[in-house]
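Me: I've got a structure open and want a quick walk through it. Can we take it piece by piece?
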Amino acid sequence: MVRRVLSEWTDPERVAEYLSREIPHRDVAESLLLEALPRRVGRVLDLGTGDGRLLALVCSRHTGAQAVGIDSSQPMLARAAERFGSCTTVELGVHDLSQPLAVSVPFDVVVSGLAIHHLSDERKRALFSEVHALLAPGGVFANLDLVVSATPQQHERFRRAIGREEDDPADCLGGLCEQLGWLRDAGFREVDCHFKWLELALIVAVRALDE
Ligand SMILES: C[S@@+](CC[C@H](N)C(=O)[O-])C[C@H]1O[C@@H](n2cnc3c(N)ncnc32)[C@H](O)[C@@H]1O
């Protein structure tokens, strides 16, 4: 039997497969992400929002925040639209993150969940600069994402733990230390990893108040 590789987020089957999968310790990482955000969040942007899971968590903690979720996948955005229904504070839009961000109004917070590892390292670096420019002074970028494992054995362990039989050919994992360095190069302060379990890492970076 030839197993079809589900590598495109335009494929509803892949979307359904991802949304049905459990990722161990993700809820802990998401709680820590919420803790890393400023006390007051007026505007939040979610990069690669998918079905809006992370955006919904931020909005439930910061009720009334104006929220924007962008993603290149129509099936994912349809799931997000179902989640948010007629909520007037959430705006969803199509955008390919391999292209420069097309939003210009400042945000207090930019978040992303398991999306940026689909971009090339070169694009990740450029995106980090775009996010820095988009944040208001004191704004926070919180990226819960997959990073390169310390060893091939750890990679195998992670893959098994999330229930995948094979690597995802669309993955382009960056190194944790490299990404922390790219965020500092982009001008961020207080750059740190707040949580890590195998390949799952929460990276938080703050735009300085005095810029
Ligand atoms: C693993 S899902 C994560 C979804 C959601 N953020 C979450 O936390 O569950 C990855 C998401 O990134 C999106 N994505 C992947 N590459 C993208 C790109 N180049 N531009 C925009 N979105 C992209 C996919 O469509 C998908 O919704």
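Me: Where is Glu 190 found?
Reply: This is a predicted model, to be clear from the start. Glu 190 is found in strand S6.

Me: Buried or exposed, that Glu 190?
Reply: Glu 190 counts as exposed because its relative accessible area is 63%, and the cut-off for exposed is over 50%.

Me: What about the phi of Glu 190?
Reply: Phi of Glu 190 is positive, about 45°, although Glu 190 is not a glycine. Most residues other than glycine have a negative phi.

Me: Which other non-glycine residue has a positive phi?
Reply: Leu 114 has one, near 55°. Leu 114 sits in the loop between S4 and H5.

Me: Is Leu 114 buried or exposed?
Reply: Leu 114 is buried, because its relative accessibility is 10% and buried means under 20%.

Me: What does Leu 114 touch, beyond its neighbours within four places in sequence?
Reply: Leu 114 is in contact with Tyr 18, Ile 23, Arg 26, Leu 144, Asp 145, Leu 146 and Leu 200.

Me: Switching to the ligand. Which residues come nearest?
Reply: There are 19 residues around the ligand, and Tyr 18, Arg 26, Gly 48, Asp 71 and Leu 97 come nearest. The shell divides into 7 nonpolar, 9 polar and 3 charged residues.

Me: What does Leu 97 touch, leaving out residues up to four places away?
Reply: Leu 97 touches Leu 47, Gly 48, Ile 70, Leu 119 and Arg 123. Cys 172 is 75 residues from Leu 97 along the chain, and their C-alpha atoms are 14 Å apart.

Me: Now the largest nonpolar core. Which members touch the most others?
Reply: Leu 33, Leu 37, Val 44, Leu 55, Val 111, Phe 158 and Leu 200 do, out of 36 residues. Elements that supply at least two residues each include helices H1, H2, H3 and H4 and strands S4, S5, S6 and S7. In soluble globular proteins, nonpolar side chains tend to be buried together.

Me: Zoom in on Val 111. What is it in contact with, past its neighbours within four places?
Reply: Val 111 contacts Leu 33, Leu 37, Val 44, Leu 45, Asp 46, Leu 47, Leu 54, Val 58 and Ala 142.

Me: Next, H4. Which of its residues are buried?
Reply: Pro 75, Met 76, Leu 77, Ala 80 and Phe 84. The buried residues of H4 pack against H1, H3, strand S2 and strand S3.

Me: What happens at the start of H4, and what follows H4?
Reply: At the start, a side-chain oxygen of Ser 73 comes to within 3.1 Å of the backbone nitrogen of Met 76. After H4 comes Gly 85, with a positive phi near 55°.

Me: Where is Glu 130 found, and which backbone nitrogen does its side chain reach?
Reply: Glu 130 is in helix H5, residues 121-134. Its side chain reaches the backbone nitrogen of Leu 101 at 2.9 Å. Residues up to four places away aside, Glu 130 touches Pro 100, Leu 101 and Arg 123.

Me: Last one: where is Ala 170?
Reply: Ala 170 is in the loop between helix H6 and helix H7. Ala 170 counts as partly exposed, at 25% relative accessibility. Its C-alpha is 8.7 Å from that of Leu 119, which is 51 residues away along the chain.

Methods:
Residues are numbered from 1 along each chain as its sequence is written. This is a predicted model: local features need pLDDT of at least 70, side-chain atom pairs count only at pLDDT 80 or more; totals for chains, interfaces and linings use all residues. Side-chain values use heavy atoms; hydrogens and water are left out. Helices (H or I, at least four residues) and strands (E, at least two) are DSSP runs, numbered from the N terminus. A polar contact is a pair of N or O atoms within 3.5 Å; within protein, one must be able to donate a hydrogen and the other to accept it, and residues adjacent in sequence count only if both atoms are side-chain atoms. Contact means heavy atoms within 4.5 Å. A residue is near a molecule or strand if one of its heavy atoms lies within 4 Å of it. Ala, Val, Leu, Ile, Met, Phe, Trp, Tyr, Cys and Pro count as nonpolar, Asp, Glu, Lys and Arg as charged, and the others, Gly among them, as polar. A nonpolar core is a set of buried Ala, Val, Leu, Ile, Met, Phe, Trp, Tyr and Cys residues joined through side-chain atoms within 4.5 Å. Buried means under 20% relative accessible area, exposed over 50%, partly exposed in between (1.4 Å probe, protein chains only).
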